[in-house]
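The following note sets out a few points on the model, for discussion alongside the sequence and coordinates.

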Amino acid sequence: MGMYEAVKSDEDRRVLDAKASQIPSPDVESSLLDSSRSDGRKGGGGNSSKGRLVSLDVFRGLTVGIMILVDNAGGIFPAINHSPWDGLTLADFVMPFFLFMVGVSLALVYKNLSSSYLATKKAVLRALKLLVLGLFLQGGYLHGLNNLTYGVDIEQIRLAGILQRIAVAYFLAAVCEIWLKGEKNVTSGSSLFKKYQYQWAVVLVLTVAYFSFLYGLYVPDWEYSISSEKSFSAPKIFKVKCGVRGDTGPACNAVGMIDRNILGIQHLYKRPIYARMKQCSINSPDYGPLPADAPSWCQAPFDPEGLLSSVMAIVSCLVGLHYGHIIVHFKDHKDRILQWVVPSSGLLVLGFALDFSGIHVNKALYTFSYMCVTAGAAGILFAGLYLMWTCMDTDAQLSSWSGWGSMP
């Protein structure tokens, strides 16, 4: 299931619970965090005596809390549910925040490597586990109490998904961290950039590729069919007229075209987010019956975790990786917060400026402006939590938050 509606079935909840549990944990040995101290404060940035980065645990806990809120209340309050297309709501921060946390955690986990080959092998295995689990949960292998059917239709199984996207982002970020970092000592922001310049080159390549495909590919006319479950009549065929380049609307964008041609339209998510738009629902911004003049594309399958949109999701993870590098290489609280707040503010300004100029914030397409705004928001929130927890002196509060946000 996509992160585009309130969770209404048991299998959907299993997917979301699995997503929360599969994020790499920052639970590392004390030697992994040079800044860790027994009091968890002096230069430790809120690390407990067990070597946990408590501010990251709190960040995780808040994100899980937001996820639970929008999953259960999104159907009642559509305003907090995912935006039907352009725009940003509370629910739209969940996926980028998870990817941000993956990146931060990887920087801590891979600080000291005894064997790059062994680390790569483990990353491959973990990514494969996530991919298989994603297919297992979202492919129809598990069924809710109200849907007691068994077996899987391989011809219709959904191939993309939440855990699959996290798996790809995690693996590429892990490979970058294992193999693409220099030997230079970090003493400033510029030396930090030079040490990880090849990782930033990957970010640049991914971003240029995304823009090139999104705005450069020609999207021809296309069609899809809908079969009636209560009738044996022939499927109804809908034709969608496009013939354009660079369109970012629901019908004629390159993101959907790539998925239809590579994954196959029968393997895409069959309850598209844009079905909640005013053109497609009389109950907009919630799902509802089609208006009399609804366009032909309203019921067309569209995958929110498709191939091209996942390119920018990887960039979100790599941004989180950079924030983790700041923890590794800067030991002073003020330096860390400054190194977080400045780029985060820049990302927010850039994202909203792009949205104002026409490159709209859009989660379904995972636009560059959406990546900037959500990554910037994640950085500001993380810096705020870090500042709060480094100034706190109550072990009970630290333990309580760490326990709620931690993974086994």
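1. Valine 132 has a relative accessibility of 55% and therefore counts as exposed, the cut-off for that class being over 50%. The structure is a predicted model, and this assignment should be read accordingly. Valine 132 lies in helix α4, which spans residues 116-138. Its C-alpha atom is 9.7 Å from that of alanine 167, a residue 35 positions away along the chain.

2. In soluble globular proteins, nonpolar side chains tend to be buried together.

3. What does phenylalanine 382 touch, leaving aside residues up to four places away in sequence? Its contacts are Leu53, Ser55, Leu56, Phe59, Phe100, Val104, Ile327 and Trp340.

4. Helix α5 (residues 162-179) packs against α9, their axes coming within 9 Å and crossing at roughly 45°. The crossing is right-handed. On the α5 side, the contact is made by Arg165, Val168, Ala169, Leu172, Ala173, Cys176 and Glu177. On the α9 side, Ser309, Ser310, Ala313, Ile314, Cys317, Leu318, Leu321 and His325 take part. Classified by type, the residues of this contact are 10 nonpolar, 3 polar and 2 charged.

5. Helix α9 also meets helix α10 (residues 333-357), with axes that come within 9 Å and cross at roughly 160°. Since angles over 145 degrees count as roughly antiparallel, α9 and α10 are therefore assigned to that class. The crossing of this pair is right-handed. From α9, the contact involves Val319, Tyr323, Ile326 and Ile327; from α10, it involves Arg336, Gln339, Trp340, Pro343, Ser344 and Leu347. By class, there are 7 nonpolar residues, 2 polar and 1 charged in the contact of α9 with α10.

6. Two residues link the points above. Ile327 and Trp340 take part in the contact of α9 with α10, and both are touched by phenylalanine 382.

Definitions and conventions: Residues numbered from 1 in each chain as written. Predicted model: local features only at pLDDT ≥ 70, side-chain atom pairs only at ≥ 80, totals over all residues. Heavy atoms only, no water. Contact = heavy atoms within 4.5 Å. Axes fitted to C-alpha atoms, helices over the stretch in contact; angles between N-to-C directions. Helix = DSSP H or I, 4+ residues; strand = E, 2+ residues; numbered from the N terminus. Left-handed = near helix turned anticlockwise from the far one by under 90°. Nonpolar A, V, L, I, M, F, W, Y, C, P; charged D, E, K, R; others polar. Buried < 20%, exposed > 50% of the residue type's maximum accessible area, 1.4 Å probe, protein only. Parallel < 35°, antiparallel > 145°, perpendicular 65-115°, else oblique.
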